[in-house]
Amino acid sequence: MDVRIATIFHAVMFILAVIVLNSELVQGAADRLEVKEATKIVQVGESIEMLCTAPGKIDVCLFLIPGAKDEVRVVDSAQLISIPDTAIKIAYNGDGFDRGHCGLRIEKATENLNGVFKCSAFVPGESAKRTGSMNVTVARTPTSPELRILDNKINEFKEGDVLKATCVVKKGRPATNFTWYLGEEILQEGLKKPVFTTTTDDLLSTEQNLTRTIQASDDGKELRCVANHVGLNEQNKQAKKLLRVNFKPKSVQEPFKKFEMVEGEEGRVSIVVEANPKPVFIWKIGDELVTEGDSRGSYQVMRTMQKESNHQWETTLVISPLTKDDVNKEYRIKATNPYGDTEYEVMISTGPVPETSSIGTGTLIIVLIVIALVFLISCVILFARAKGRWCFSDPMAPRLTDVIGRESSDTESAEHTTSDGKKKLSFPLVFKKRNDKMPTCSADNKDSTAIAVIDEEDKIDTCLQRPETDADNANQGATNPNDEEGVVYAELDLPRRPAPSSTAPVVVRADQDKTEYAEIIHSPKPNEKK
């Protein structure tokens, strides 16, 4: 009981606290003036405007600005009002007290005005004054950004080196943010969060670090740090460094190939390699080595040429004249510079350029995916059809295994019944051989036929009696009107002894040559009803 009372007490206290807090919030909102701008950034010499609005007419409008000791009353006119102990003059800003507007305007901002501006007004009928505030930031232009690359004074790197750079601006207001560029690309990865430091005169210094793994494609690009600050212009808001990247000759995945060369004529084989600085090329033709500017027999290596890119180099082998033996030789090139060497394979041919497929890699992947999906869906449909699953679960619909069985054998029973308790022919059991222990009829029952019958509980009946009587035939006609010809499919039990009605011996063939199934046609007697 005490626990319940304590729980109720705490719930009541919580509700009362919520009500009190809500009333305070409502009261606080009722005591506030609506300020047009909560924050404002201006530069020295620009004007400052502030407008506070009450829900109705006001009688008095007061302001307290940074640097002033007391509030200053502003009248509803264009009269300039001097702030005591300062050289600042303010004027009224707004559409009049009748509209609830309490505002001020200062023609030229100074750094002393950086801070919080407060407004207050009295509304007729209210005992307390309404207040509002605006945070004014008078910008101070920071120093121009300074970009430093750590542990590297000449800005020269090898491919794979780690670049560590830092950008700094000092003594600014408000805080400065940076944007980093490599060439025309904006860098996002590898940037640390900016670090802000406040000085004694309420100014901010900003520093940010960048870490990047140097790539060969960075060669010749400018690393730029751009400072975003209202006081900086295009000329003094960025710092930059030109990067130089050295790397060994770049490897390729496939051999260089040259087609449509003509036997008996001069042949030229040119390849282009990326490297920085310039590499030295040595051609290996079979067992012969030919360097740049040298010739050996019918082979000559031309001077290395620089391509449009600063780090692409072209080497050319001239074969004069080209022979059949030249086509069959092995050609290799070794390119070397101070940062490593790379070998290339070159293949030449007098044949035409082989045609390339117009189907792109992406299209080919899509085609393969579609084919795989079609195959998978087909397999699922066949499985469902064979097992009678999902949309093929209709018990009256024949299964795929039954259809295949009926098409592959003309001695199978055509009867297929539903699972209503009636017996039905089992496809696997009908086609099993005798040595698989098929059910047989007793030897003394001559009017029996060995037919495998399985009921819904998988119990096997070993014999189906078919006495040939008129009454029985009549009953069969009544129960199965479609079986007018009296066709029965059965498995024969081939005896190994002579038939009693015949003196000739019965020839028993081997198991693989036996005829184990027969079609038994029952012919109605003349007096039977159809």
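**Strand E28 and its surroundings**

Tutor: In E28, glutamate 314 is the bridge partner of methionine 305. Keep in mind that this is a predicted model.

Student: Which strand pairs with E28 over 2 bridges?

Tutor: Strand E27, residues 305-306, and the pairing is antiparallel.

Student: How many residues are in the hairpin that joins E27 to E28?

Tutor: The hairpin connects E27 to E28 through 5 residues.

Student: What else pairs with E28?

Tutor: Strand E22 (residues 267-274) pairs with E28 in the antiparallel sense over 8 bridges. Strand E26 (residues 299-301) is also antiparallel to E28, with 3 bridges.

Student: Which residue of E28 does glycine 267 bridge to?

Tutor: Glycine 267 has isoleucine 319 as its bridge partner in E28. Tyrosine 299 also stands opposite isoleucine 319.

Student: Why is E28 largely enclosed?

Tutor: Of the 8 residues in E28 (residues 312-319), 6 are buried, so the strand is largely enclosed by the rest of the structure.

Student: Now the loop between E26 and E27. Which residue is found there?

Tutor: Threonine 304 is found in that loop.

Student: Is threonine 304 buried or exposed?

Tutor: Threonine 304 counts as buried, because its relative accessibility is 10% and the cut-off for buried is under 20%.

Student: What does the side chain of threonine 304 make a polar contact with?

Tutor: The side chain of glutamate 292, at 3.0 Å.

Student: And which residues is threonine 304 in contact with, leaving aside neighbours within four places in sequence?

Tutor: Threonine 304 is in contact with Lys278, Phe281, Glu292, Trp313 and Glu314.

Student: Change of topic: the nonpolar cores. How many residues does the largest one have?

Tutor: The largest nonpolar core has 31 residues, and Ile48 and Phe117 have the most contacts inside it. Strands E3 (48-53), E4 (60-64), E7 (89-92), E8 (101-106), E9 (115-122) and E10 (130-139) each supply at least two residues of this core.

Student: What does isoleucine 48 touch, not counting residues up to four places away in sequence?

Tutor: The list for isoleucine 48 is Val42, Leu104, Arg105, Ile106, Ala109, Leu113, Phe117, Met134 and Val136. Apart from this core lies another, of 23 residues, including Val273, Trp283, Val346 and Ile348.

Student: Where does E8 sit in its open sheet?

Tutor: The sheet has 5 strands in the order E1-E3-E8-E7-E6, with antiparallel pairing, so E8 stands between E3 and E7 in that order.

Student: Which strands stand at the edges?

Tutor: Strand E1 (34-35) and strand E6 (81-82); each has a single partner strand, so one side of each is left without a neighbour in the sheet.

Student: How many bridges join E7 and E8?

Tutor: E7 and E8 pair over 2 bridges, in the antiparallel sense. Tyrosine 92 stands opposite leucine 104 in E8, and Leu104 is also one of the residues that isoleucine 48 touches.

Student: Last, the whole chain. How many helices and strands?

Tutor: There are 6 helices and 36 strands in the protein chain. The chain has 530 residues, of which 30% count as buried.

Methods
Residues are numbered from 1 along each chain as its sequence is written. This is a predicted model: local features need pLDDT of at least 70, side-chain atom pairs count only at pLDDT 80 or more; totals for chains, interfaces and linings use all residues. Side-chain values use heavy atoms; hydrogens and water are left out. Helices (H or I, at least four residues) and strands (E, at least two) are DSSP runs, numbered from the N terminus. Buried means under 20% relative accessible area, exposed over 50%, partly exposed in between (1.4 Å probe, protein chains only). Two strands pair if DSSP finds at least two bridges between them. A nonpolar core is a set of buried Ala, Val, Leu, Ile, Met, Phe, Trp, Tyr and Cys residues joined through side-chain atoms within 4.5 Å. Contact means heavy atoms within 4.5 Å. A polar contact is a pair of N or O atoms within 3.5 Å; within protein, one must be able to donate a hydrogen and the other to accept it, and residues adjacent in sequence count only if both atoms are side-chain atoms.
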